[in-house]
Amino acid sequence: MGTLWRSEEMSMVQLYIPMELAQPTVAEIGELGLIQFRDLNPDVNAFQRTFVNDIRRLDDMERKLRFLRAQIDKASIKLRGDPSTVAAARARSQLEVDELDERLTEHEARVAQMNASQETLNKRYLELTELRHVLKETNVFFEDAESRSEEIRNSGQQEESSLIRGAQDEPESAEEGRATSRGANLGFVAGVVPRARMGTFERILFRALRGNLFMNYAEIDELIRDPVTDETVNKNVFIIFAHGKEIIAKIRKICESLGATLYPVDGNYEKRRQDSAQVIARIDDLKHVLDNTTFTRRSELVKVAETIEVWATIIKKEKAIYYTLNMFNYDQNRKALIAEGWCPTNSINAVRYALRSVTERTGHTIPAILNELRTHKAPPTFHKTNKFTAGFQGIVDAYGMASYREINPGIFTVITFPFLFALMFGDLGHGFIMALFAAWMCRYEVNLSTKKWGEIWATFFGGRYIILLMGIFSMYTGLVYNDIFSKSMNLFGSGWAYHQENNSTAKWVGKYEHTYAFGVDPAWYGTDNALIFSNSYKMKQAVVIGVIHMVFGISLQILNHLHFQRPWYILYETVPQLLYMLSLFGYLVFIILFKWAVHWQNPSEAPGLLNTLIYMVLSPGTILMQLYPGQASVQTFLILLWLLCIPWMLLVKPYMLKYEHEKHIAAGYTNLSQENLSGGDTPSASMDVDRNAVGGHGGHEEMNHEEHFDFGEIMIHQGIHTIEFCLNGVSNTASYLRLWALSLAHAQLSEVLWDMIFVNSLNASAGLGSFLGPIAIVIGFSLWFSATVSILLVMEGLSAFLHALRLHWVEFNSKFYEGQGVKFEPFSFESLMAEEEAE
């Protein structure tokens, strides 16, 4: 956890990589994950970079993988491969990538060929199936049509006749009728049409031919599967009789336009019977061929499914390698690639070892060379974290990434965040449930890490150690508050003895005997003034903890100023800010503790702290009720010191910077930056300017530019900062009262749930007998426990979490934390695969 104190020291490194070693070297660096490369070609279009053809080739390989994966999903084949093994798949050499490309091409070609063959066979199978149904149904149609030939012959004389009216006139023959005749110059058209279009089909034919037709149809009981969309479609067999070739041709065009499929049917019964037998035989043969094709295709996809995830990982890594190589410069003279990037200083030896291992593994004679550059460029911020500290560091990073090498609030957040949460959530029972849930996630984190139970679960699991500490601290504050599910515990014997007064009220009054060993005395619970006592205690506690928290944050500025070699900033900024807070709000903490320490025989004689503070500011020297001797003089001195701190913060720093600037000008220096005036706020002592280290190669540019000194701008900035700090001193102190408010709300809501649900169920069970009584208790307990978990643990817990988050971001971090840094994002295969998995 020591590395959380400040970010890791970073170094700018330069790599000379021979072209033959480029791919394996970058692959090894990707496995190591310790270098964040700079783009040395920012002005070069992505399509004009060196390795764009390699990336296009890998894109095509990804396209082939997507095609194969789609076919596997369509065939409902389960992908195989252990996720940990897949993620660990190493990047391959160029020869292995070429072989993989050939394999993918072969698999794609075979699957595409089998898809085309299967689609052709399915279409032929569909046609034969439909033809079989057409031949089957037309036998019935022809038989029925014999009795209608005369009617059809005379229908040309009756333009108003219709198919529907004919069906109404002769319902019996219409119900049976599915036939036609070849006599009397009649023609017919037979085929199938989707059932959903049948109504439209009939209406269009009737209107186009003015009823000069006879049509019959029958539903196909068998589901027909469309080979194109792979969806089942309900279809009908139809046959249409009409007089004249022109009308038949018109019918054919209408059928084709509405998606109907026409099939040739012979009018001779024997011929139709022979055709039907041939179709059935061809269907059997075709089905056998289809089954073989499907089996072969599935076997091919099963074989692909065993390794497709590994192939996908390899291609993703290779693409990342070539995207990274496109950020490098090519040195024509040395036939090498030149790269620049940031690397943790203490990891440079590990990178050098990795480069040597690549050279030895490949047998190349010229190794990759690593040089450490010196620069004034601001390095990225890198905090080493583990599974325990990562969640707390995430809280800080969400506010802003720490500036390079400044003090990181994450190390304090590990303790202060769950502690402030627990002050608002203090309950032994609720804290135990929360800690138990977090302990379960921590105990089985290896198995649970693979579960995909939604975004909410991922959030809980990612913060499991935060929840664990919040639960443990809540148990501690619950002991301090002496609160478990809104009930008190008498663990050490109460320090109060009750006796009844001998007067008309006959009230029970407590008499103090000794101090309770730990926490709040249980005698306070159930008394008339319990809420008054609890409010007073928790409100003052919130102020005390809030002021200590903020003063601690201001004090951390001292360590930052000393580290960045600007010790006089302590006198210009930190000291007046500390005096401003301590002279007023620190004094408030003092009188709170002093009043707690004094035993007041008559509580009415104790001075009110709020009035004391108000008169201290509005009427210095006026004391209504004295708290201690010499109080007036102390308060007058403190209020004068408090007022003095305002111009101190506003004027001293700008004028001292102006003085330093004029002194440098008098010495012969001009246009020095504010950073140089403040002591050279350099990221590291090892990062002095050394342009010779660059060697004129690699596109490295020094960013040692200097800013123009503008006294007016500095004065405005300091004025804004002073006003903000003075106002925040009051508002931030009041903001910590949320610790009191939420603690009170949590305790009261817990008591309401206990009394209104569980206690009522206990009272109701007394009158329900020995059978229903226990059932009522079980139901009441279930409702109370469900409400406790959903309302108090989840909703109230989330509320307390957000308030604790705000206290750290606004009240604490703003006192010392700049948060202007850039996150260190190294080229890492592990991070790449984690991002892909998250998407």
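1. In this predicted model, helix 15 and helix 18 cross with left-handed geometry. The axes of helix 15 (residues 428-443) and helix 18 come within 7 Å, at a crossing angle of roughly 155 degrees. Angles over 145 degrees count as roughly antiparallel, and helix 15 and helix 18 are therefore roughly antiparallel to each other.

2. On the helix 15 side, the residues in this contact include Gly431, Ala435, Ala438 and Cys442; on the helix 18 side they include Arg464, Leu468, Gly471, Met475 and Gly478. By class, the contact of helix 15 with helix 18 has 15 nonpolar, four polar and one charged.

3. Helix 18 (residues 464-481) also packs against helix 13 (residues 390-399), with axes that come within 7 Å and cross at roughly 95 degrees. Helix 13 and helix 18 are therefore roughly perpendicular. Here Gly391, Phe392 and Ile395 of helix 13 meet Tyr465, Ile466 and Leu469 of helix 18. This contact has five nonpolar, one polar and no charged residues.

4. Strand 10 (residues 336-344) is mostly covered, with nine of its nine residues buried. Ala336, Ile338, Glu340, Trp342 and Pro344 point one way, while Leu337, Ala339, Gly341 and Cys343 point the other way.

5. Strand 10 runs antiparallel to strand 1 (residues 10-18), joined by nine bridges; Gln14 stands opposite Glu340. Strand 2 (residues 36-37) pairs with strand 10 in the antiparallel sense over two bridges, and Phe37 has Gly341 as its bridge partner.

6. Strand 9 (residues 329-331) is joined to strand 10 by three bridges, again antiparallel, with Asp331 partnered by Ala336. Strand 9 and strand 10 form a hairpin with four residues between them, and Lys335 in the turn has a positive phi of about 50 degrees.

Key. Residues are numbered from 1 along each chain as its sequence is written. This is a predicted model: local features need pLDDT of at least 70, side-chain atom pairs count only at pLDDT 80 or more; totals for chains, interfaces and linings use all residues. Side-chain values use heavy atoms; hydrogens and water are left out. Axes are lines fitted to C-alpha atoms, for helices over the stretch in contact, and angles run from 0 to 180 degrees between N-to-C directions. Angles under 35 degrees count as roughly parallel, over 145 as roughly antiparallel, 65 to 115 as roughly perpendicular and the rest as oblique. Contact means heavy atoms within 4.5 Å. Ala, Val, Leu, Ile, Met, Phe, Trp, Tyr, Cys and Pro count as nonpolar, Asp, Glu, Lys and Arg as charged, and the others, Gly among them, as polar. A crossing is left-handed if the near helix is turned anticlockwise from the far one by less than a right angle, and right-handed if clockwise. Buried means under 20% relative accessible area, exposed over 50%, partly exposed in between (1.4 Å probe, protein chains only). Two strands pair if DSSP finds at least two bridges between them.
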